[in-house]
Amino acid sequence: MPRQISEEKLREYSDLKRFFEVWETQLFPNQFFRADHPHHPVNALAAIEQRFGRSRALAGLKQAINDNLELAVDYEPDLIALIDEVLHQSGAPTLTQLLAHQSKLLRAILRRGKIRNNTEFYIVSSLLSDTSTDRPESEAAVLGAMALAYEQKS
């Protein structure tokens, strides 16, 4: 039976779902599955939501969006502005807003000194594997230790 979801998480799910739908259908249409195919990412999300509920679907949705954000960090500012405009016109959070949120989340993880869940672990892991970013060695060491501690706990 699906778990209950708070109003705040319901709003977050709705916003992120809208972002994901626009990303997968308008901005970067899936190359492998037509929009009406059951394995198209948007349809797969709907199936997960129906089968397991929004709470479980939210966790997977966050990870899918983090994949998109990981790709987007290398986009040119002009492309980000175009993407932001399409998302804004569609009533979805902008790429810039989600990148800023991810940056804020990373700062919170560093302040806390601990990774709390798989989404945070995924964010930290992707940052550690990104060799194109000039990250201070001390910060990378702290993030690496937190990632290791989380992996050992899980």
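Predicted model: local features only at pLDDT ≥ 70, side-chain atom pairs only at ≥ 80, totals over all residues.
Residues are numbered from 1 along each chain as its sequence is written. Local features need pLDDT of at least 70, side-chain atom pairs count only at pLDDT 80 or more, totals for chains, interfaces and linings use all residues, and side-chain values use heavy atoms, with hydrogens and water left out.

**Exercise 1. The pairing of helix 2 and helix 3**

Find how the two helices cross and which residues make the contact.

*Solution.* Start with the elements: helices are DSSP runs (H or I, at least four residues), numbered from the N terminus. Helix 2 spans residues 41–52 and helix 3 spans residues 54–72. Their axes come within 7 Å and cross at roughly 145°; axes are lines fitted to C-alpha atoms over the stretch in contact, and angles run from 0 to 180 degrees between N-to-C directions.

Next, list the contact (heavy atoms within 4.5 Å). Helix 2 brings Leu-45, Ile-48, Glu-49 and Phe-52, while helix 3 brings Arg-54, Arg-56, Ala-57 and Leu-61.

**Exercise 2. The salt bridges of Glu-49**

Which residues form salt bridges with Glu-49, and is Glu-49 buried or exposed?

*Solution.* Look for a side-chain nitrogen of Lys or Arg within 4 Å of a carboxyl oxygen of Asp or Glu, which defines a salt bridge. Lys-17 pairs with Glu-49, their closest N and O atoms being 3.1 Å apart. Lys-17 lies in helix 1 and Glu-49 in helix 2, so this pair ties together parts that are 32 residues apart in sequence. Arg-54 also bridges to Glu-49, again with closest N and O atoms 3.1 Å apart.

Now check accessibility: buried means under 20% relative accessible area, exposed over 50%, and partly exposed in between (1.4 Å probe, protein chains only). Glu-49, at 16%, counts as buried. Lys-17 is partly exposed at 23%, and Arg-54 is partly exposed at 36%.
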